[in-house]
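Please look through the sequence and the structure before reading on.

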Amino acid sequence: MTLGERIAAFHLLGKKIQKLTEDELNALAWKVENNNNWFTPEQTKGALQGLMAFLDQDKIEKWLSPYEFPETPNPKSVGILMAGNIPGVGFHDMLAVLLTGHRACVKLSSSDQVLIPWLVQELIEIEHEFKDLVLFEEMLKAKDAYIATGSDNSARYFDYYFGKYPSLIRKNRTSIGVLDGSETKEDFLELAKDIFQYFGLGCRNVSKIFVKDQGDLIKFLDAINELKSVANHHKYNNNYDYNKSIYLVNGVVHLDNGFLLLRESKELVSPISVIYYETYEDQGSLDERLSEISEKTQCIVTRNGWLNGSLVFGQSQCPTLEDYADGVNTVEFLSKL
């Protein structure tokens, strides 16, 4: 396959997803949820919407335009150890590997066993040559290169086993919200999307808020009260009940609106149903603190994107092809193999 043929196949995959009927979507979403109860039909449909945004021929061509990928009859085998925190989260890595002319050797997360194989099967139906270019394996041994995504602990494991090969190993990251006091109810509801989509399980989910005035946190909790249905999900609600009971028993000062807990902390990655917050005095102190945690930050969201480099509230889960999971350019890494 030429690069143009590979791009065209993924473009058609996007069109195929777009044309799924409601019944087909529901059937797929049920299978995904049956594998992982965190992946509700709504979350799966949201993930597919995000993937469709990637699968546009013009966007892909622009994304790859700075690079050259010589055609070779012997593609490199790239092992991809996929995460499973949100539906189809490893798709971007697989997309990059296949478009750059390599073979994707995929180890699926036990938490995401349905959506990626479904996408691959649909892709193979569009372009049969991908059948030999995507392999699902349990043990990724002796590959030419590796891409692995996991926690800080698993990253040490990955580095030990794969460090002697060309490798891209990702660690924990999270996302940040910054309030300046000018936020409206509508702004808070948009910020809530960054918090609650995928129940806060993704690295692009906001788990920490920086605020000038703690009173704005009360306004935030009041504004999002209409989203309390999130607590109808039993796993989310179990986490909320557990964390609330721990805070109450230990006398930990916190804010609570019945389905979300806010706690002051210097830590970045909060438990499910909890958002950590810090106060800042001025722009200088905020910039200094954000610089300190930049290597652990995936993205920052603010009202209207007022902070340099930040996204608009509600957009953290809308990455472009160029928004790499750890800030390291996957395509550039693959182009040098």
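A disulfide is a pair of cysteine sulfur atoms within 2.5 Å. The structure holds zero disulfides. The model is predicted, and for this reason local features need pLDDT of at least 70 and side-chain atom pairs count only at pLDDT 80 or more, while totals for chains, interfaces and linings use all residues. Residues are numbered from 1 along each chain as its sequence is written, and side-chain values use heavy atoms, with hydrogens and water left out.

**Cysteines**

The cysteine sulfur closest to that of Cys318 belongs to Cys299, and at 10 Å the two are too far apart for a bond. Cys318 has a relative accessible area of 45% and is partly exposed. Cys105 counts as buried, at 1% relative accessibility.

**Aromatic pairs**

A pair of aromatic rings is described by the distance of the centres and the angle of the planes. Rings of Phe, Tyr and Trp (its six-membered ring) pair if their centres lie within 6.5 Å; planes under 30 degrees apart count as stacked, over 60 as edge-to-face and the rest as tilted. In the whole structure, a search finds 14 aromatic pairs.

Helices (H or I, at least four residues) and strands (E, at least two) are DSSP runs, numbered from the N terminus.

Tyr146 is buried at 2% relative accessibility, while Tyr165 is partly exposed with a relative accessible area of 25%. Tyr146 and Tyr165 also belong to a cluster linked by ring pairs, with Tyr157, Phe158, Tyr160, Tyr161 and Phe162.

**Helices H5 and H6**

Two packed helices are described by the angle between their axes and the distance between the axes. Axes are lines fitted to C-alpha atoms, for helices over the stretch in contact, and angles run from 0 to 180 degrees between N-to-C directions. Helix H5 (residues 91–99) packs on H6 at an angle of about 30 degrees, and their axes are 11 Å apart. H5 and H6 are therefore roughly parallel (angles under 35 degrees; over 145 is roughly antiparallel, 65 to 115 roughly perpendicular and the rest oblique). Contact means heavy atoms within 4.5 Å. On the H5 side, the contact is made by Phe91, Met94 and Leu98, and on the H6 side by Ile116, Leu119, Val120 and Leu123.

H5 is mostly covered, with nine of its nine residues buried. Just after H5, Gly101 has a positive phi of about 90 degrees.

**Leu334**

Leu334 lies in helix H12 (residues 330–335) and is buried at 1% relative accessibility. Not counting residues up to four places away in sequence, Leu334 touches Val78, Ala96, Val97, Thr100, His102 and Ile147. Ala96 and Val97 are among the buried residues of H5.

Notes
Buried means under 20% relative accessible area, exposed over 50%, partly exposed in between (1.4 Å probe, protein chains only).
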